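Please work through the exercises below with the sequence and the structure in view. Each task is followed by a solution in steps.

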Amino acid sequence: MMAGVKQADVTTEVSVFGGSWRKLMMWLFIAGDALLFAGFLTCYAFLRLASPVWPDAGRIFSLGLVTFMTLVLITSGATMAVAVDSARRQDWKRVVRLLLLTMVGGSIFLGSQAYEWAHFIHEGAGLRSNPWGVPNFSASFYVITGFHGFHVLTGILILAMTAYRSATGKSKTEGLELAGMYWAFVDLVWVFIFPLFYLI
Amino acid sequence: MAEIIDHQDKPRRCCDQPWCTWGVLVVLSLAMAATGLLQLPRWISVPFILGVMGAMAWLIASRFMHLREERRILIVTVVGSTIFTIVFLFVLTAWDAIHVLRQSGP
């Protein structure tokens with residue numbers, strides 16, 4: 001029976017939604033990851049609502065630094081979107097330059113986050129205690145920003161591989177589109193973390 | 001039979017360019033940060049920040065993730081189901097979760 005079944009070619013076959021299967025799988029991965037972050041942010045909201053007092057994040061963190069990080073990440077999202085456009089026009093030299101720029105943006109973001117963490121740790125904030133008296137405050141900060149930072153780091157590695165493949169002529173337009181979707185998702189998640197954690 | 005969507009030769013308006021989207025996102029980010037700095041009353045700042053957050057999220061998803069180039073059924077499936085699950089998760093578990101957390105103490 002099995003010998004008569006034709007195996008589907010996921011690289012060329014059209015998915016039920018019109019795009020390729022690879023892209024559909026990427027969308028499903030992103031939706032799953034979005035739910036994971038939604039779970040974290042929902043827990044954070046519960047902790048805040050259940051806690052009678054909550055430290056003012058605006059007085060603890062440098063809003064200037066966090067705004068700078070946000071602008072850097074948004075700029076890297078724009079360079080990535082332009083890289084995808086360039087890949088669609090088959091301008092691979094420009095793609096490599098833009099990917100490197102995007103990686104620089106991601107690295108600056110990660111460096112700023114490391115600085116922020118070091119400052120926070122230096123002030124005595126740990127996973128179980130902090131000087132502001134609400135242990136959940138620092139615990140949720142480390143978990144949420146740490147998990148996002150891990151995504152940024154993974155994104156930089158994906159971009160490095162994509163840049164190498166683009167420079168050596170192995171990359172395809174769809175590969176750039178998938179990498180671009182992931183990077184934009186990292187951007188998207190930060191747009192929720194920034195106001196919910198630092199501003200509200 | 002359905003065909004894979006080809007985005008290569010679509011004409012674009014100026015406001016559809018990534019740098020234009022970037023400019024709008026920068027302005028919205030600065031507006032949001034300014035709201036945090038100005039220490040406005042919460043009944044003004046919270047709805048404003050949430051509104052700007054939603055606008056930024058939509059811009060990034062539609063322009064940078066190219067969601068608007070996908071078919072409507074995919075947009076509804078991915079965005080609709082994600083938002084539904086988040087709302088479902090939050091609304092239906094919020095009171096129980098808060099109750100349990102308050103009972104468990106600091």
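Predicted model: local features only at pLDDT ≥ 70, side-chain atom pairs only at ≥ 80, totals over all residues.

Residues are numbered from 1 along each chain as its sequence is written, chains are lettered from A and ligands numbered from 1 in the order in which they are written, and side-chain values use heavy atoms, with hydrogens and water left out.

**Exercise 1. Describe the confidence of the model.**

Step 1. The model as a whole has an ipTM of 0.88 and a pTM of 0.87.

**Exercise 2. Characterise the fold of chain A.**

Step 1. Chain A contains six helices and zero strands; helices (H or I, at least four residues) and strands (E, at least two) are DSSP runs, numbered from the N terminus. The order along the sequence is α-α-α-α-α-α.

Step 2. The C-alpha trace of chain A spans about 65 × 45 × 20 Å along its principal axes.

Step 3. Of its 200 residues, 56% count as buried, where buried means under 20% relative accessible area, exposed over 50% and partly exposed in between (1.4 Å probe, protein chains only).

Step 4. Among the contacts in chain A with a separation of 6 or more, 74% join residues 24 or more positions apart.

**Exercise 3. Describe the interface of chain B and chain A.**

Step 1. The contact involves 51 residues from chain A and 49 residues from chain B.

Step 2. The two chains bury about 4400 Å² between them; this is the accessible area (1.4 Å probe) that two parts lose on being put together, summed over both. Carbon and sulfur atoms carry 78% of that area.

Step 3. Two salt bridges cross the interface, a salt bridge being a side-chain nitrogen of Lys or Arg within 4 Å of a carboxyl oxygen of Asp or Glu.

Step 4. Helices α1 (18–38), α2 (42–64) and α3 (72–104) of chain B each supply at least two residues of the side that touches chain A. The largest share, 15 residues, comes from α3(B).

Step 5. By class, that side of chain B has 33 nonpolar, nine polar and seven charged residues. Here Ala, Val, Leu, Ile, Met, Phe, Trp, Tyr, Cys and Pro count as nonpolar, Asp, Glu, Lys and Arg as charged, and the others, Gly among them, as polar.

**Exercise 4. Is B:M53 buried or exposed, and with which residues is B:M53 in contact?**

Step 1. B:M53 lies in helix α2 of chain B.

Step 2. Its relative accessible area is 9%, so B:M53 is buried.

Step 3. Apart from neighbours within four places in sequence, B:M53 touches A:V191, A:F192, A:P195 and A:L196 of chain A, together with B:M32 of chain B.

**Exercise 5. Trace the salt bridges.**

Step 1. Over all chains, the structure holds six salt bridges. Side chains of opposite charge can pair when their charged atoms come close.

Step 2. A:E174 and A:R22 form one of them, at 3.9 Å from N to O. The pair links helix α6 (residues 173–199) and helix α1 (residues 21–50) of chain A, 152 residues apart. A:E174 is buried at 19% relative accessibility, whereas A:R22 is partly exposed at 40%.

Step 3. A:K23 meets B:E70 at 3.3 Å, N to O. This pair runs between chains, from helix α1 of chain A to the loop between α2 and α3 of chain B. Both A:K23 and B:E70 are buried.

Step 4. A:E177 pairs with A:R88, with the closest N and O atoms 2.8 Å apart. A:E177 belongs to helix α6 and A:R88 to helix α3 (residues 63–88) of chain A, 89 residues apart. Their relative accessible areas are 10% for A:E177 and 6% for A:R88, so A:E177 is buried and A:R88 is buried.

Step 5. A:R88 also forms a salt bridge with B:E69, at 3.0 Å between the closest N and O atoms.

Step 6. A network of salt bridges links A:K23, A:R88, A:E177, B:E69 and B:E70.

Conventions: Contact = heavy atoms within 4.5 Å.
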